[in-house]
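Please keep the sequence and the structure in view while working through the points.

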Amino acid sequence: MIAIFWVLAPLAAASGFMVFRFSSMARATIALLVSFLASGALLILLGLGYLGVVVILMMVMEMIIMAVFMIAYMMNPAGLMPMSMTHNKPRARAISVTSFLLLAAGIFAVPWPPRAGAPPASPTFQLGAALMGSQMLTMVTLGFVLLATMVTAIVLATHRGRYDRFGDDLKRRPAADPAQGGVGM
Amino acid sequence: MITSAPLWSVLVVPALLAAFAAAAVTADGLLAARAAGRPLRAAVAAGPLAEVPRLLAGQRRSTVASDALLWRLGVLSVPAAGVLAALVIPFGDVTASRMSVGVVWFNAMEVLTWAGLWMAGWGANSALSLVGGYRFVAQGLAYELPLMFALIAAAAGAQSLDVADIAAAQSHLWFAVWMPAAFVIYLVSVYAFSFLGPFAYPAGRDLAGGVLAELSGADRLALEAGRWLLLTAGAGMAVPLFLGGGAGPVLPAWAWSAAKTLAVLALLVWGRRRLPVLRADRYAELAWVVLIPLAIVQALVPALVDLAR
C-alpha cells in the first residue's frame, strides 16, 4: 500500500508540474490527465473506490474535451515554437514555494488526533445517502444552475434558432439543418 | 455465488480475452470471405491471425515532427483499456477482481479509449489521422451518455454496482428481457467504444484509415487488436449485465458464460458487416434527441420496480 502511494503521489505531483513545463497544448493536457489519474488511483487506495473510479472516468472525458478547446484557442498548439504558460515568474515561484513549505510544515507540526471510530462498511452508500439526503437541496439547486448555464451558453453561442430550422410558421419538417441526415426534430 | 479468484488470475484475463477476440477475428474473416464469394478454406480462416507475425516483424512508420510520446502512449492505451475493462467481468463462478464498483470501473476503463484514440490521432502529425482522432471524440460525446444510462439501468435493477451482484439479481428473469432498450443501447455502444462496424467512422475508409492511417507494424497491431479486445470485453460484460451471467441448466457456470459471450460476440461480428458506417454528427443527433430520453425512461423502470418491492 505504502509502496503504491510512493509511486502515485510523486507521479501526480510531477505530472502536475510538467503541465507548466510542456509547451505543447496536447502534452500539457495529457500531463494534467496523468496527474488526475494518479490522484484518482490514490483515492481508490484510500478505500474510496467509487470516488476514485469516478474521478478517472470524468477526468478522461473532461481533459480530452479540454484538449479540443485548448488546441482550438491557443496560439501555437503543438508547441513547435517555444512558448511559456507562466507569467510573473520570480514572484509566483516565491509564493508557491513558500506556501508549499508552510503547508508541508503544518502537516508535521500539527498534533494529529488519534482515529476515533471505524470507516463505514460501504463508503459509496454513505456518499449516496449524504448527496440524496442531507445535501439534496444543494445538489438539486446546483444541478438546475448548471443546466441553466449550459442551455444559456448554447443559446448565446448558436446563430441559428428555431425559425431558421422550421421556417417562419414553424411548420417545416424535417428541419433545415446545415448537416442533413439527422433526426430533423 | 461468484467468488474472487486468486491474484494470479489477473494474468489469465488477457489470455482469455485474446482467445475470444481471436475467435471473433477469425469469424469476421470467414464472413468477409463468404461475402466476397471466396471458398471457405483453412487458409482463409487463418488469414487475419496470420497478419499478427507479419505486423510484428514489419517496420514501424515514423512521420515528420510527430509527437512520438503521445502517439505510442495513445496506441498502447487502447488494448490496455480493453484488458483493464475485462478485469471485473465474472467468468462462470469466478472473477479476477471482484470490485464493489465494478460497473463504474468498466465504464471508466472503456472511456480511456477517448484519450487513447485522440492521442493516437494527434501524435502522428498527419491530417487524416488527426481527423480520425477528433471523429472519435465527437462519437464519444454521442455514445457515452446513453451507455452510462444503460449501465445505470442494469445497476439499478440489482441495486448494486458490483457486477457479481447484478448477475445474481437475474436468477428469475434476465435484464435483457425486461430492459430491452438498455440492452440494445448497450450493444450499440459496444460497437461505438471499439470503433467497429457502424462506428468505424474514426478509422473510416474515406479518411484512408483515419487513426490507423499512419500506423504500421507493431503499432498497427496494437490498435487493431485493441479494438477487437474492446469489442470482446463489451460482449463479455453483456453477459453478467443483461443475460444472467453464468446461470443456466445442466452445464457448469463457466460453460454458460463462455457460450453466452460467444453468442453475443457472434451477433456483434455478424452485425458489423450488415450495418453501414454512421457519421458522428448524425449519430450525435439520434443519441441526444432519441436515445438519451429513451435510456432515462428505461432506467426509471428498474427504479420504480425497486420502490414497489
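1. Basis of the note. This is a predicted model, in which local features need pLDDT of at least 70 and side-chain atom pairs count only at pLDDT 80 or more, while totals for chains, interfaces and linings use all residues. Residues are numbered from 1 along each chain as its sequence is written, and chains are lettered from A and ligands numbered from 1 in the order in which they are written.

2. Elements of chain A. Chain A contains 7 helices and 0 strands. Its order from the N terminus is therefore written α-α-α-α-α-α-α, where helices (H or I, at least four residues) and strands (E, at least two) are DSSP runs, numbered from the N terminus.

3. Dimensions of chain A. The radius of gyration of chain A is 23 Å, whereas a compact globule of 185 residues would have a value near 16 Å. This radius is taken over C-alpha atoms, and the globule rule is 2.2 Å times the number of residues to the power 0.38. The C-alpha trace of chain A spans about 70 × 50 × 30 Å along its principal axes.

4. Burial and contacts in chain A. Of the 185 residues of chain A, 18% count as buried. A residue is buried if 20 or more other C-beta atoms lie within 10 Å of its own, exposed if 12 or fewer, and partly exposed in between, with C-beta atoms placed from the backbone. Among contacts in chain A between residues at least 6 apart in sequence, 51% join residues at least 24 apart; two residues are in contact if their C-beta atoms, placed from the backbone, lie within 7 Å.

5. Elements and dimensions of chain B. Chain B has 11 helices and 2 strands, and from the N terminus they run β-α-α-α-β-α-α-α-α-α-α-α-α. Its radius of gyration is 19 Å, which agrees with the value near 19 Å for a compact globule of 309 residues. The C-alpha trace of chain B spans about 60 × 45 × 40 Å along its principal axes.

6. Burial and contacts in chain B. In chain B, 52% of the 309 residues count as buried. For contacts with a separation of 6 or more in chain B, residues 24 or more positions apart account for 80%.

7. The interface. How many residues of chain A are in contact with chain B? There are 23, and they meet 26 residues of chain B. On the chain A side, α2 (25–45) and α3 (49–73) each supply at least two residues, and α3(A) gives the most, with 11 residues. By class, this side of chain A has 17 nonpolar, 5 polar and 1 charged residues. Here Ala, Val, Leu, Ile, Met, Phe, Trp, Tyr, Cys and Pro count as nonpolar, Asp, Glu, Lys and Arg as charged, and the others, Gly among them, as polar.

8. A helix pair in chain B. Two packed helices are described by the angle between their axes and the distance between the axes. Helix α1 (residues 9–36) of chain B packs against helix α3 (residues 68–86) of chain B at an angle of about 110°, with their axes 9 Å apart. That angle makes α1(B) roughly perpendicular to α3(B). Axes are lines fitted to C-alpha atoms, for helices over the stretch in contact, and angles run from 0 to 180 degrees between N-to-C directions; angles under 35 degrees count as roughly parallel, over 145 as roughly antiparallel, 65 to 115 as roughly perpendicular and the rest as oblique. V13(B), P14(B) and L17(B) of α1(B) make the contact with G82(B), V83(B) and A86(B) of α3(B). The classes in this contact are 5 nonpolar, 1 polar and no charged residues.

9. A33(B). This residue lies in helix α1 of chain B. A33(B) counts as partly exposed because it has 17 C-beta neighbours inside 10 Å. Apart from neighbours within four places in sequence, A33(B) is in contact with R38(B), L40(B) and V44(B).

10. Backbone details. L170(A), in the segment after α7 of chain A, has a positive phi of about 55° although it is not a glycine. With 11 C-beta neighbours inside 10 Å, L170(A) counts as exposed. A cis peptide bond joins R173(A) and P174(A), with omega about -5°. In chain B, A208(B) lies in the loop between α8 (180–193) and α9 (217–242). A208(B) also is not a glycine, yet has a positive phi of about 55°.
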